[in-house]
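Thanks, everyone. I will go through one model this morning, starting with the overall fold and then the places where parts touch.

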Amino acid sequence: MKWLRDNLFPGWVSGVFSALLIVILVKSLFAFVDWAFLEAIWRADANACRAAKGACWGLITEKHRFILFGTYPYEQHWRPAAASVLLIALWTFSAFRAFWKWWLTLVWFFGLALIGMLMWGGVFGMPYVENERWGGLILTLLLSTFGVAFAFPLSILLALGRRSDMPIIRALCVGYIELIRGVPLISVLFMASVMLPLFLPSGVTIDKMVRAQLAIVMFAAAYLAEVVRGGLQSIPRGQYDAAHALALPYWRRTWLIILPQALRVSVPPLVNTLIALLKDTSLVLIIGLFDLLSTVKISLTEPAWNGFGIEAYVFASLVYFVFCFAMSRYSRSFEHR
Amino acid sequence: MANLEERRIASGFGFLNREAGFEIGESAFLRYGAADSYLRALFVGLTNTLLVAAIGIVLATILGTVIGLCRLSKNFLLRTVSGAYIEFIRNVPLLVQLFFWYAVITEGLPSAREALSPLPGVFLSNRGIFFPSFSSVPELQGFNFAGGFAISPEFAALLMGLATYTAAFIAEIVRAGILAVDRGQNEAAHALGLTRAQATRLVILPQALRVIVPPMTSQYLNLTKNSSLAVAIGYPDLVSIANTTMNQTGQAIEGIAVIMAVYLTISLSISGFMNWYNAHVAFK
């Protein structure tokens with residue numbers, strides 16, 4: 001009772017607010033439960049859906065394989081499923097501080113090789129699947145993983161370049177970072193998908209997925225560079241001086257003393273950038289790749305399931321939310337250390 | 001260059017003066033027809049981008065500040081509800097949210113003949129939102145409304161998505177800004193006999209603003225850049241029109257150069273203005 005009085009009804013203004021909020025919340029909660037569960041249709045039956053008042057989860061029941069795996073050959077769906085599980089396991093494994101050792105790179109290397117083998121196939125009796133047919137959840141996860149994997153080394157170089165004493169290198173790095181951060185991701189994606197082929201010698205083609213990946217790497221590198229720069233700036237001056245005093249040359253100084261400290265500090269903002277990156281991969285839909293959001297959208301174009309957009313996008317939000325929320329919790333756990 | 005010649009793609013900005021030949025769904029300020037030039041079409045796109053960004057910034061700031069203050073409220077429910085809102089919105093891609101709002105408007109709202117009318121003269125339907133203007137009142141004609149002031153479903157969905165999404169980020173900035181003000185300031189204000197509202201308005205907010213302004217700037221920039229997602233739901237913003245232009249003329253390099261130049265100019269002007277404002281509120 002005391003808790004109720006203190007937190008809900010401390011004064012009459014606050015009390016009225018609370019009462020009003022409780023009424024609104026309870027009402028919308030009932031309406032939501034009605035819509036999402038009680039009146040909802042779970043069977044894959046479009047006609048029953050149209051007759052019902054509630055949500056039509058039948059769309060998801062019917063299309064979940066397509067949404068999760070895209071146009072990957074139907075009988076081979078276990079391969080992207082296994083690859084997704086493996087990739088998520090790799091990320092979870094890397095989240096533990098105890099495993100932040102040099103061999104983690106090896107684990108990732110073998111993990112990604114295994115994922116590549118599963119997805120492409122062509123060995124151990126698995127038929128070959130070209131990457132135009134990859135889609136759904138695994139594409140979203142792969143685009144973000146490789147986005148951060150390639151952008152990260154690049155961003156370290158950019159951040160070091162931005163703090164370099166050499167004016168030309170500094171100007172180039174600042175120019176690149178500010179240019180990319182000043183324009184929307186969609187323009188970088190257009191650049192990679194439309195403009196890049198014009199610059200290749202005739203006969204050479206890069207497929208659409210690699211082009212999108214390239215754009216994501218370029219974009220992520222600029223944002224990550226600012227994160228790394230923040231880490232570099234947080235290192236006390238004394239560390240730089242001490243490294244100098246040991247007479248270490250620049251690269252060894254950076255590699256052995258500065259970077260290990262700077263990167264540890266940058267983990268929470270790095271995870272936040274990773275969240276933004278995962279969300280941003282949904283934009284590849286605009287240049288015609290079949291990522292998770294894209295497969296959800298395509299499921300709706302079938303005439304029978306036309307008009308159930310709300311349910312489809314609620315489902316898509318939930319999938320993205322699970323991944324992003326887990327990462328944001330993780331990033332926040334560092335604050336309490 | 002050899003590639004361009006081989007594919008018979010022209011280069012240079014000469015195409016800007018040619019006839020565009022496509023219609024644009026809506027134009028806020030300028031009169032535009034299919035016979036106008038590409039330059040004019042892109043200009044219409046720019047005004048559409050600026051319009052949605054400007055209104056979006058105002059709405060997101062108001063909504064974000066209110067939610068940020070609720071997050072710090074002593075009221076448990078207010079605190080929890082605003083916290084849940086922030087967590088959910090921030091962890092779902094904006095594009096999903098835009099599609100969601102677009103689906104809510106086009107599928108959730110009734111057709112024009114059965115439009116909801118919450119206020120006399122105001123109609124909500126899957127064809128958009130209609131308000132009475134000074135000169136005329138919206139009236140049902142055939143399958144749609146005519147007259148009055150209309151907001152298209154695309155504009156409404158984009159604005160709704162951008163404002164609610166950015167508001168969640170602004171709320172966190174406002175909260176952090178207020179928490180950054182020293183506790184002693186609040187106690188001192190209390191000791192002077194100021195009420196809670198007076199203390200917030202006269203003592204806390206002016207100091208919090210110094211912390212709030214820089215991250216707020218980057219949110220305004222994000223909102224403006226995110227308005228380019230309009231292309232996915234069919235609102236004719238700059239990127240959407242530049243995309244059509246690129247498809248018609250094949251001049252991708254010039255088209256992307258236009259997009260990048262415009263966004264860089266907008267980014268630099270907003271950050272320039274905010275730097276000036278920041279210097280204005282900073283410690284002297």
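In chain A, 65% of the contacts with a separation of 6 or more are between residues 24 or more positions apart. Keep in mind that this is a predicted model. Chain A has 15 helices and zero strands. Its length is 337 residues, and 35% of them count as buried. Taken along the principal axes, the C-alpha atoms of chain A fill a box of roughly 75 × 70 × 40 Å.

Next, domains. The assignment for chain A gives domain 1 as 76–128 and domain 2 as 137–289. Over C-alpha atoms, the centres of these two domains of chain A are separated by 23 Å. Four residues from domain 1 of chain A and four residues from domain 2 of chain A make the contact. On the domain 1 side, the classes are three nonpolar, one polar and no charged residues.

Now the interface between the chains. Here 38 residues of chain A are in contact with 37 residues of chain B. On the chain B side, the helices that each supply at least two residues are helix 1 (2–6), helix 3 (76–90), helix 4 (94–108), helix 8 (230–233), helix 9 (238–249) and helix 10 (252–281). That side of chain B has 26 nonpolar, six polar and five charged residues.

Three strands form an open sheet in the order 1-2-5, with antiparallel pairing. Strand 1 (123–125) and strand 5 (149–151) of chain B are at the edges with a single partner strand each, so one side of each has no neighbour in the sheet. From one strand to the next, the twist averages 15°. Strand 1 of chain B is joined to strand 2 of chain B, residues 128–131, by three bridges, and the two run antiparallel. Within strand 2 of chain B, Ile129(B) is the residue opposite Leu124(B).

That is where I will stop.

Definitions and conventions:
Residues numbered from 1 in each chain as written. Chains lettered and ligands numbered in written order. Predicted model: local features only at pLDDT ≥ 70, side-chain atom pairs only at ≥ 80, totals over all residues. Helix = DSSP H or I, 4+ residues; strand = E, 2+ residues; numbered from the N terminus. Buried ≥ 20, exposed ≤ 12 C-beta atoms within 10 Å, placed from the backbone. Contact = placed C-beta atoms within 7 Å. Nonpolar A, V, L, I, M, F, W, Y, C, P; charged D, E, K, R; others polar. Domains from an automatic or database assignment. Pairing = 2+ DSSP bridges. Axes fitted to C-alpha atoms, helices over the stretch in contact; angles between N-to-C directions.
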